[in-house]
Amino acid sequence: MPQLPGSSLAVKRISASPDPAPSIRTAGPEFAKLIDISRCIGCKGCEVACKEWNELKIEPTRNFGSFQSHQDLSADTWLLMRFTEIEVDGDLQWLIKKDACMHCEEPGCLYACPAPGAIVQYENGIVDFNPDKCIGCQLCISGCPFDVPRFSAETHKVYKCNMCVDRVEVGLEPACVKTCPTNAITWGTKDDMVALAEQKVDRLKDRGFENATLYDPAGVGGTHMMYVVPHGDRLVDYDLPEDPTAAPGALAALAGLKQLGMGVMGLGLLGTALHYLKYGPEVADEEASDPASPEPGSGPDAENT
Amino acid sequence: MTNHWKDIKNADVVLVMGANPAENHPCGFKWALEARDERGAQIVTVDPRYTRTSAVADRHLQIRPGSDIAMLGGFIRKILDEDLHHEEYVRLHTNASFIVQEGFGFDNGLFSGFDAATSAYDKTSWDYERGSDGYVRRDMTLEHPRCVFQILRNHYARYTPETVAQIAGCSAEDFSRVADIICSTGTADRVGTIMYAVGWTMHTVGSQIIRTAAIMQLLLGNIGRPGGGINALRGHANVQGATDHAIVAGILPGYLRVPAPHQESLSAHLADSTPEPLVPDTVNYWGNYPKFFVSQMKAWFGDTVGPENDFGYHYLAKPADDSTWLSMWDQAFKGRLKGIIALGFNALLAGPDVPRLLEAMKNLEWQVIIDPFMLDSAEFWRAPGVNPEEVATEVLYMPATHWIERAGSFTNSGRWAQWKEKAIDPPGDVRSDTWILSELAWRVKELYQEEGGAYHEPILNLQWNYLNPREPTLEELAREINGYDLTTGRLLPSFAGLRDDGTTSSGNWLYSGSFTEEGNMMARRGTADPSGMGFHHDWGFSWPVNRRVLYNRASADGDGQPWDSTRPGIRWTGREWIGDVPDYGRTTPPDQAGAFIMTEEGVARLFTTYLNDGPIPEHYEPVESPSPNILHDDVAVNPAIHWYDGVREALADRADYPYACTIYRVVEREHFVTSNVARLVELMPDFFVEVPHGLAAEKGIENGERVRVWSARGEVEGVAIVTKRIKPLTVNGETCWTIGIPVHWGFKGITHGSMANNLTPFVGDANTSCPEFKAFLVNLERA
């Protein structure tokens, strides 16, 4: 991999805040992580690297009848290899998929977040959570079309993959990319990764995977974690939504307003509106007034697993 | 490996059989993926399970454990039947044309010369026919009925797709779909490689499985060529280095031979060990055996040995019995072994038949365990089912450095010796292996010095000349292994300079050239690759003499030109060979001698007298098999294996133990040591049993439930992973289920679980004695 430049972490979007003025933004490249599922052997080296670099806790796991380590993502497991057996034309296929934050160009989590500065999108494409400003309302979880962020009952905050933003900032690749022994994960500018993915898709088609495709869904404006998927007609078996959108339903309309210039007001309204619809005013008020300590178990995490 | 890791990128077909490199060699396996994605190579897995390697392969064929020779024999038949072999290569570079003497035969499962009383072959009838000049007779038309080529053709004619399918349990169509790919590389412009591991060696026919693969690769012209070869994937970081330095019984470092009792003098040992050429045009490099042997004795005993005392030959033990793993523990089982010093292995979990092993360990007076971790072996008296009060064995545990806490070399599967640096300091008062062994040596020496004793010369004369003789540095040892010109005191540049007159020393001739006057060649880190073939001659040191592909003379034709000019191994320019370090004299013209310089035939052996159980491989069933041997059930299992007392009688009956079982590792763990690594335990916490979906349905077992598996030796219990990755097979007309069991658990470490080797039989290969871990019978139920 060629040496990458450090990334300035210029901010593109901030939750519940006006977008920064273009004058203070820079024109650095967008980065992306490309996962070639056809080269992934499911060794889970990336899982360990993620936990090591981000100093995530070891969770007491139990084998539940699978090669998969954990049943699900959690506040301490931001990356999980999922294993699924399917049959394609009578032949067994063992689908092994790295599950983590997609870093959407249109981040549903950020749009849904009512806490100013709790979620930040950098110009390089990384969507980062700031626990210091997280109020634990878990609206980001509702907003995520990929079901990625996870609430910690211990800290009452929500966590997810931050694309090793501290490594990227100084020109390093994320830890999972660094550790991957088969080069199934590559890292570079979004343009380069899309070009590489197209080559990989062509090769897969030559090898008989006629439905091979690049997963970079337009409904969320594209993502900064992308997949080369051998069986592109079986996205659901990879646990990948066919057509995810950043802002389902009312959110979409309000997000549209934002594009039209309603700006952060629209989003703020949206957050409040959604919260009101789901939990009524008391919860929203309580959370707004006392961001540090929402009631344990009051969040919608159970509905989102 | 005949080739090396990066060379796999040069292949057109990658056969993965008896191995699961995605699981056990994930870093090296990237080169197979590189071949797939950059060259359009096809990766094929043939395995009892659909593995993580299968998940990224182009095709997978499920076979029954222990049917490998049948499968490979089927490939050989197809190659010969359909003339898919690389004809010019076979004629030029193999012994296909050699004529075997009259009297050789094979009938109903037995080769000629079998003695039922001793379960051993008299190999006289397997020899070649000689001409009046004393050399082997050859028929270059390959049509003589007794030439090796015709013997092969006749032998494997029985291995039809239908027969192979019946033995292996697949369909004849599935066999043919895979065979078409595997047998497609017998041309100059295509090359196929084989990646194998202990899935082949750990059978009572292990050596012969590998022979079958070698024969197949020779017929296809794939040995010696970049992108080809037969590549053993070793199971630990330095297991190749350990093997080269004689960790296995029966050899001295550098694959020299342990003296035998009847070899009463050095000259008798050398005469037995130094082959005579069988054809006029062979280099017969083992003809240099005396130089390697004498130089090794000089490295060990220094000035105390010379021609006057047979270079210390009499100092060496000449064991009548073998001291393989099984024989050693059999002696302990019988109460004939007093104690054991164990470095670098967890014997209790590593050997077959743990219940028997526990009995054997109880018979020891003492055990010394030298290891970074408190092993299950060190606390065998606390194993499940053992009453500590009944164990009198004294166990001494010495914490030793982990490899991460010291420098030294690793030799990888591809024979690359690479020097590594110490990463961290050892904790507390932990000592290095070199300190511990030096102390042991000195204290024994001192005892002999003070108290005398019978035949003390070998002990007192053993050289220990290091700057700090109580803890030599690993560089000092590496220099000693490389060897010296004793007349000048200078390090040897290669083994070409070794002498048999006592003027040179070398601890291991294969590593001569690894640490020279120019420095530590193993520490080189040059990344240049001018040919683009991945040879990387400036990186580390590859034995022998920095050669990256063994037998590379065979990568070229009779005129010395590469079979495939886009993938040259070496090339004759008219004056010299260029490319890889030639496996041939650098300026020796191509027609001067056979390509395979290590054989007395000068060519590669499709047929050989070197193995104990047949000159060509034959399918025999595992000692516990779900099926009769449909080729010859009177001789169902390998007739030449050794039966330890009481083992044969206690084998399982297939009526009571109906399921084939095999054991293996998973990528998240590394043998037993990772039971101590929390982040890896998190990834794969519990012992499990892989149960085929259909069998689970039959038995009412739900995914994630606990199951019990038992064999004629012992039992295990764990979580069921119910999977469609193991399909039912149809073996000889009957449904055959296969159960999969991982090996990584014991009763020490962060996580505890059943010991897989509770199940495995105490029996080994007829040549290596490597235990049959990979195929046996069990029964299964919900726990």
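A crossing of two helices is called left-handed if the near helix is turned anticlockwise from the far one by less than a right angle, and right-handed if clockwise. Helices (H or I, at least four residues) and strands (E, at least two) are DSSP runs, numbered from the N terminus.

The model is predicted: local features need pLDDT of at least 70, side-chain atom pairs count only at pLDDT 80 or more, and totals for chains, interfaces and linings use all residues. Residues are numbered from 1 along each chain as its sequence is written, while chains are lettered from A and ligands numbered from 1 in the order in which they are written.

**View 1. Helices α4 and α6 of chain B cross in a left-handed sense.** Helix α4(B) packs against helix α6 (residues 148–156) of chain B at an angle of about 120°, and their axes are 9 Å apart. Axes are lines fitted to C-alpha atoms, for helices over the stretch in contact, and angles run from 0 to 180 degrees between N-to-C directions. The angle therefore makes α4(B) oblique to α6(B). Angles under 35 degrees count as roughly parallel, over 145 as roughly antiparallel, 65 to 115 as roughly perpendicular and the rest as oblique. From α4(B), the residues in the contact are B:G73, B:I76, B:R77 and B:L80; from α6(B), they are B:L152, B:R153 and B:Y156. Two residues are in contact if their C-beta atoms, placed from the backbone, lie within 7 Å. The contact of α4(B) with α6(B) has four nonpolar, one polar and two charged residues. Here Ala, Val, Leu, Ile, Met, Phe, Trp, Tyr, Cys and Pro count as nonpolar, Asp, Glu, Lys and Arg as charged, and the others, Gly among them, as polar.

**View 2. Helix α4 of chain B also packs with helix α10 of chain B.** Helix α4 covers residues 68–81 and helix α10 covers residues 206–219; the angle is about 20° and the axes are 9 Å apart. The two helices α4(B) and α10(B) are therefore roughly parallel to each other. Their crossing is left-handed. On the α4(B) side stand B:D68, B:I69, B:L72, B:G73, B:F75, B:I76 and B:I79, which meet B:Q208, B:I209, B:T212, B:A213, B:I215, B:M216 and B:L219 in α10(B). By class, the contact of α4(B) with α10(B) holds 10 nonpolar, three polar and one charged residue.

**View 3. An open sheet of chain A has three strands in the order β1-β5-β6.** The pairing in this sheet is antiparallel. Two strands pair if DSSP finds at least two bridges between them. Strands β1 (11–14) and β6 (127–129) of chain A are at the edges with a single partner strand each, so one side of each has no neighbour in the sheet. From one strand to the next, the twist averages 25°. Three bridges link β1(A) with strand β5 (residues 119–122) of chain A. A:V11 lies opposite A:Y122 in β5(A).

**View 4. A parallel open sheet of chain B has the strand order β12-β13-β14.** At its edges are β12 (339–343) and β14 (394–399) of chain B, each of which pairs on one side only. Neighbouring strands are turned by 10° against each other on average, direction ignored. Strand β13 (residues 366–371) of chain B is joined to β14(B) by six bridges. B:V368 is found opposite B:L396 in β14(B).

**View 5. Strand β16 of chain B pairs with β15 and with β22 of chain B.** Four bridges connect strand β15 (residues 408–411) and strand β16 (residues 416–420) of chain B in the antiparallel sense. B:T411 has B:A417 in β16(B) as its bridge partner. The hairpin of β15(B) and β16(B) has four residues between the strands, and B:R415 takes a positive phi near 70° there. Two bridges join β16(B) to β22(B), also in the antiparallel sense. B:A417 stands opposite B:F541 in β22(B).

**View 6. A cis peptide bond joins B:W543 and B:P544.** Its omega is about -10°. B:P544 belongs to the loop between β22 (541–542) and β23 (570–572) of chain B.

**View 7. Chains A and B meet in a contact of 27 residues from chain A and 31 residues from chain B.** In chain A, α1 (45–54) and β4 (91–99) each supply at least two residues of the side that touches chain B. That side of chain A has nine nonpolar, nine polar and nine charged residues. The predictor gives the complex an ipTM of 0.94 and a pTM of 0.94.
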